[in-house]
Amino acid sequence: MPEPTPLLNPAEEASEQALSEVYGCLERGESFLLEAGAGAGKTYTLVKALQYLIKRDQHKLPNRNQKIACITFTNVAKDEIKARTDSSPLIFCDTIHAFCWSLISGFQRSMRDALAQLSQWQDRLAEVGDLGDRVIEYTLGHRSIRDDRVSIHHDDVLSLTISLMSNQKFRLIVTSKYPIILIDEYQDTNAGWIESIKIHFLGQASSPQFGFFGDHWQKIYGDGCGKIEHDSLTVIGKQANFRSVGAVVDCLNRMRPALPQFVVDPGDLGSVRIFHTNNWPGARKTQNHWQGDLPDDAADLAFNMVLDRLSHDDWDLSSGKSKILMLTHRVLAAKQGYSSIPPVFAFNESFTKKEHPHIAFFADSLEPACAAYSERKYGEMFNILGGNVPVIKGHADKGKWSAAMDRLMAIRNIGTVAEVIDHLRQTRRPRLPDNVERLERELSQFDPGTGEEIPRALRELEALRGVSYQEIIALTHYLSGHSPFQTKHGVKGAEFENVLVIVGRGWNQYNFNEMFEFAGDVAHIPASKILAYERNRNLFYVACSRPKKRLAILFTQKLSSAALQTVGNWFGDSTIETLDI
């Protein structure tokens with residue numbers, strides 16, 4: 001007898017329903033949008049769609065010299081998708097910038113013409129006149145004009161692609177190379193680029209089939225398009241949540257009734273607790289974007305009161321089990337001891353995701369090696385350093401290593417990043433990685449007297465060198481996961497057993513009290529406030545959807561009666577507790 005088909009849990013049933021609808025669109029050649037809320041398993045559906053296409057078109061695509069394009073928002077996502085599709089040669093999987101450059105790099109003349117129309121290039125072009133036959137390249141990601149070539153910025157790649165999309169020949173080439181284009185995290189994809197796709201491709205004959213995967217309620221980055229609406233798109237809602245228990249998902253569903261989610265186990269226990277500080281009798285902050293928040297000492301008192309209550313409610317507050325989410329890296333950095341680092345970088349990912357080579361070297365190699373050295377685990381130290389270790393031939397070499405490391409340990413405690421780097425460049429114990437050495441060399445060779453704009457990478461390195469190395473140590477402690485703190489922005493895509501969300505002021509882009517007031521009467525939000533409302537709502541939704549088991553929220557910002565009413569509607573009046581501080 002055949003084995004009985006295993007029963008699916010509610011989340012699996014919802015997931016399979018959405019996947020079936022995706023397959024149907026792929027078979028009918030319809031462009032579609034998969035709206036997958038927090039914890040729904042968006043990447044699973046994207047990978048299954050790719051695997052389906054690989055099997056279906058394994059002969060057709062090579063015969064036509066075509067590929068399926070999969071555009072990702074980050075390199076991390078690119079690597080994950082490539083791994084889960086076995087790096088199939090039928091899939092071109094890369095970031096939007098790499099994808100666009102692969103399309104436009106051959107249109108040199110058109111790019112030179114379009115470049116002249118970009119405002120960021122007006123002054124540079126006025127100095128050199130006509131670009132002539134200079135080759136346009138995209139390597140370093142910063143703008144410069146040399147005798148034989150032009151280097152363009154990351155943003156220019158998207159702007160030039162948008163310009164070329166109005167060219168019919170260009171559109172035909174895109175379609176002939178990529179008959180199917182799937183876009184991951186569509187909501188964070190550049191708004192101008194998506195608008196151009198809508199104008200020139202969607203609904204047009206002889207255009208690629210598009211599949212958009214994402215969630216417009218999780219759009220938390222500035223230039224993303226957010227919600228996509230187009231008559232030619234079939235919208236598929238994935239009503240599953242594989243992450244959170246029912247207590248949390250019930251709140252998310254009341255927050256977002258248009259996309260209800262089903263959990264894996266409706267009987268799985270969890271908890272939601274809400275704390276507010278409206279009874280604080282003292283004066284609150286009044287300056288600018290801090291208005292209405294508690295003074296620092298009162299906020300710390302409230303925070304510690306909440307931790308005490310949660311610890312009596314079976315919360316494991318260790319960093320491996322719980323995360324405390326704050327609004328910005330500047331607030332977080334101040335608590336963790338690396339407040340000078342966030343202003344150095346244009347993008348938080350440079351230090352939070354270790355995308356900057358110096359940060360990666362410090363966090364992944366140098367600091368672990370120093371920790372091993374301080375514990376006299378010399379073998380472990382050399383294993384960590386790997387290829388950055390000069391050959392040790394005898395006792396004299398060991399003495400040189402000991403002296404170099406002792407000096408390094410002292411500089412770490414009192415010196416700057418520059419002093420640490422300069423020491424390593426001088427002693428070569430350990431050697432700097434090639435990419436770090438190259439950046440240092442480029443900075444030392446850059447001549448501001450030429451009038452050329454200093455590239456962002458060198459400007460950031462110059463600022464980083466002035467930071468106290470103790471802040472690098474603090475950052476490394478945070479990045480290693482030993483800290484229970486995190487930002488709301490930084491946890492998108494992440495999940496934790498327990499989550500405490502601190503809701504207050506501190507950034508002029510966010511006023512959650514106002515957001516709650518608007519949420520109580522969405523139909524009457526002023527047009528001028530809709531973007532601000534969605535920005536606040538999305539960040540709050542992302543934060544509240546991170547926990548697997550337990551969610552707690554502490555409001556240090558004073559809530560109006562209308563705002564408190566919305567909180568009660570979303571989370572239930574029985575979850576709300578007043579802190580008497």
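Guide: Helices α2 and α4 cross in a right-handed way, meaning that the near helix is turned clockwise from the far one by less than a right angle. Keep in mind that this is a predicted model, where local features need pLDDT of at least 70, side-chain atom pairs count only at pLDDT 80 or more, and totals for chains, interfaces and linings use all residues. Residues are numbered from 1 along each chain as its sequence is written, and side-chain values use heavy atoms, without hydrogens or water.

Helix α2 covers residues 42-56 and α4 covers residues 75-84; helices here are DSSP runs (H or I, at least four residues), numbered from the N terminus. They pack at an angle of about 45°, and their axes are 10 Å apart. Those axes are lines fitted to C-alpha atoms over the stretch in contact, with angles running from 0 to 180 degrees between N-to-C directions. So α2 counts as oblique to α4, the label for whatever is left once under 35 degrees is roughly parallel, over 145 roughly antiparallel and 65 to 115 roughly perpendicular.

Who does the touching? From α2 come T43, Y44, L46, V47, L50 and Q51, and from α4 come E80, I81 and R84, where contact means heavy atoms within 4.5 Å. Sorted by type, this contact has 5 nonpolar, 2 polar and 2 charged residues. Nonpolar covers Ala, Val, Leu, Ile, Met, Phe, Trp, Tyr, Cys and Pro, charged covers Asp, Glu, Lys and Arg, and the others, Gly among them, are polar.

How values were computed:
Helices (H or I, at least four residues) and strands (E, at least two) are DSSP runs, numbered from the N terminus.
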